[in-house]
Amino acid sequence: MVRDITLGQYMPGRSLVHRMDARAKILLLLAIIVFIFVAVNYMSLMLITLASMLVVLITRISFRLYLKSMKVILLVIVFTGILNIFYGSGQVYWEWGVIRITEGGINNAIFVTIRIATLVLISSVLTFTTSPTDLTDGIERLLSPLKIFHVKVHELAMMMTIALRFIPVLLEETDKIMNAQKARGADMESGGIIKRVKALVPVLIPLFVSSFRRANDLAMAMECRCYNGGKGRTRMKVLHFSKADVIALVFFLVVFAGVILCNIYFPATVR
Amino acid sequence: MSVIKVKNISLTYGKGTSFCKTALDDVSFEIEQGEFLGIIGHTGSGKSTLVQLLNGLLRPDKGRILLNGRDIWEKPKQIRQVRFKVGMVFQYPEYQLFEETVRKDIAYGPKNMDLPPEEIEKKVEDAARFTGLRPELLDKSPFDLSGGEKRRAAIAGVIAMDPDVLILDEPAAGLDPLGRDALLSEIKNYHDTRRNTVLLVSHSMEDIARISDRILVMNKGKNVMLDSAKAVFSRGRELESMGLRVPQITRIMMLLREKGIPVDTGALTVEQGFSEVLGCLSQKHSAPVRP
Amino acid sequence: MKEFIKVKDLYFKYEEEDGQESDFALRGIDLTINKGEFVAVVGHNGSGKSTLAKHFNAIYLPTTGDVTVDGMNTKDDDRVFDIRKKVGLVLQNPDNQIVAGVVEEDVAFGCENLGVPPAEIRHRVDEALKAVDMYEYRQHSPDKLSGGQKQRVAIAGIIAMEPECIVLDEPTAMLDPRGRDEVMETITKLNRENGITIILITHYMEEAVLADRVVMVDQGRIFLDGTPREVFSRVELLKQHRLDVPQATELNYKLRGCGFDVPDSVLSEEECIEAIMKLIKG
């Protein structure tokens, strides 16, 4: 069922990671992602992966939930992993026609797999430990310098908040409409691509109609609660950097330095 | 003869995850051909899951559902045939309308059944008549209809498939008293004319009491009662312990009886309650029965 | 009692997109709502009751006539936010009026728009959530709540703005009986304990019985205005206007019609039973 997808859902808690400022989390996430790709040998990759795992442990969120979010893109991981086996050079282990499995290929595959997995893991940490509002608030603040170029930062952030709020609602609705049309004999599981696309029309039209109705209602509800854009707005949760952010920052600066040192002292396994 | 036989079905959602929830637990019962069955139970009692199992939108983990003596999952590829025979009207069905005209929308089900055009046309018109849709509405866009008319158009879309069993989940939700009464009497009329089996799921005991032959009571994933409306409502205290509310008139009768007034606690409508009270008043000097 | 909302000779017509003239949805409404009152506005679907509700906080503006809130005319552009601060509106569909993905953050939304200082918002949000008995769910996602709970969160979002009046437009129409009870309990408590003026739009007569005053609307006009007891004694008139009465009221009405000595109108099971017991014993 569509509604079983729980990608990036906020899990309330009081861990060190939960208490970090959303802006710090977003910036650190970006830096970690960069360093995942900076790492070019097993030593440095291990360092950044273990550091990420440590963060996961600190969040005190069941590892099963992380696995679940990983499951969604498992196919991508496996696919790119396998694909990479056949690229690369070095000692040839197995050969059949043009297909060759080489030492470099296997290394590539392992690297790509670990990199993507770590990336998903650490991104999940951000979405699991940061409430949607904090997240969009953080993005809004980080992007606020763009206001000089007349970018509507507040409006963008509000759109994100609403999108995050209504994605699950619309997924559930899709599920309901699909069931209703199936009950009228809609066949969505068989036939060629054109037939399948056509079978979606009875689902998409009601979905659009109901989205507009919801948007109308929501706009009215927001008006009732005196929404008037970003001007003069305050926030209940004020973002401020705290000890948790300093600890995280220092920790990852050490990790990043370690990655660079490992890259220098050990030979590169991948290009 | 029973049209649907439910044998020991169980269903658990989200098995193996932390969100695991048992929706139905070893449910068995039979529905007679041509009966009007009311299904009650509060939110989360499993009644919505149950009706979705009956037309093959969900598949049970355990147990079997027999439709006219045959397991509906005997040939999973042909489950659509089961859905044509067991028509399902969901809550707020007006949200499924999508065609350019009401006529086309009602015809969507029959079209999926690959019926010849003349037959589809006839079924559409019959269905529109049963739900009280005026013929001139058929060529309008469904989105231009009023709320009550949209509801009727959507119900007609299921009736047009001419199912053996028609299931309606809260068909009157959100309608005002008059709209509700009109819709329910149209459903009743459909049932009386076609002699089909109708299943009505509702929170409103008043509505269920008025039109059902028998009532199935669901509680915590189990079927706890299946009996005539009168017999079910005479067990008012038990229903209340399940978080269900009996009609106000039945409660009044219950409380009167607890005070020693010899009224029938199975009274379901104001008229019945009224005649019970009149009966007591006419013989008010006779000794009260023991409560 | 102090006058709070005053509706004077209100006519209202929806503007059609294609320039077509439509009928008046409201035709000559005169209504005064006092501070601290609990008023139920009843009427069938399409009677104009919801259209009227949206005039109380300047979502709709009168085509002719005036609506004033605490002396401010809703047509006065500069006072719109002052009016909405005083009069909150809760809509029918609980899903569509929750903005944020966490309960407490949604409740804070209105205060944030008003520019209330952060510490004060925190305090108000906690108090509002306690008032609707949803405090323990403050960190939850609204998607995981029941309809009644969502509706109570929506009410908390309005309470946090500290309004003097809450208008609820069929808040229970999409809820199951339990959710309906939860919402009605909350509304009654807010009126009795916090002194908030309540205007409840509904077609459930069991709910209207709980109000101090019932206003019956049909065809954009007011037909009845009085205490529940007065209004519910007019069973025939209510039925003519496509409305029901509670079964207890109807039973009593039938007995009275037969010449039995019962009160003019009863509102609850208890009153009905008392009346019948009196007949039988007396």
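**Why these labels? Questions on a three-chain model**

Colleague: Why does Arg60(A) count as exposed?

Modeller: Its relative accessibility is 76%. Exposed means over 50% relative accessible area, buried means under 20%, and partly exposed lies in between (1.4 Å probe, protein chains only). Arg60(A) has 76%, so it counts as exposed.

This is a predicted model: local features need pLDDT of at least 70 and side-chain atom pairs count only at pLDDT 80 or more, while totals for chains, interfaces and linings use all residues. Residues are numbered from 1 along each chain as its sequence is written, chains are lettered from A and ligands numbered from 1 in the order in which they are written, and side-chain values use heavy atoms, with hydrogens and water left out.

Colleague: Where is Arg60(A) found?

Modeller: In chain A, the loop between helix H3 (42–59) and helix H4 (63–72) holds Arg60(A). Helices (H or I, at least four residues) and strands (E, at least two) are DSSP runs, numbered from the N terminus. Arg60(A) is not a glycine, yet its phi is positive, about 55°.

Colleague: Why does Asp9(C) count as partly exposed?

Modeller: Asp9(C) has 41% relative accessibility. Asp9(C) sits in strand E1 (residues 3–13) of chain C. Its phi is positive too, about 45°, although it is not a glycine.

Colleague: What makes E1 and E2 of chain B a pair?

Modeller: Two strands pair if DSSP finds at least two bridges between them. Strand E1 (residues 2–13) and strand E2 (residues 21–32) of chain B have 8, so they pair, in the antiparallel sense. One bridge joins Tyr13(B) to Lys21(B) in E2(B).

Colleague: How many bridges link E1(B) and E4 of chain B?

Modeller: There are 5, again antiparallel, with E4 spanning residues 62–67. Ser10(B) stands opposite Lys62(B) in E4(B).

Colleague: How many residues of chain A and chain C are in contact?

Modeller: 33 residues of chain A touch 42 of chain C (contact means heavy atoms within 4.5 Å). The two chains bury about 3,300 Å² between them, 55% of it on carbon and sulfur atoms. In chain A, Arg165(A), Arg225(A) and Met236(A) lose the most area to chain C, together 28% of what that side buries. Buried area is the accessible area (1.4 Å probe) that two parts lose on being put together, summed over both.

Colleague: Why do the side chains of Arg165(A) and Asp95(C) meet in a salt bridge?

Modeller: The rule wants a side-chain nitrogen of Lys or Arg within 4 Å of a carboxyl oxygen of Asp or Glu. Here the N to O distance is 3.8 Å, so the pair passes. Between chain A and chain C the count is 8 salt bridges.

Colleague: What makes a salt bridge of Asp187(A) and Arg80(B)?

Modeller: Their distance is 3.5 Å, N to O, which is within the limit, so this is a salt bridge. Across the interface of chain A and chain B there are 2.

Colleague: Which residues does the contact take from chain A and chain B?

Modeller: It takes 18 from chain A and 25 from chain B. Together the chains bury about 1,900 Å², 59% of it on carbon and sulfur atoms. Asn179(A), Ala183(A) and Arg184(A) supply 35% of the area that chain A buries against chain B, more than any other three residues.
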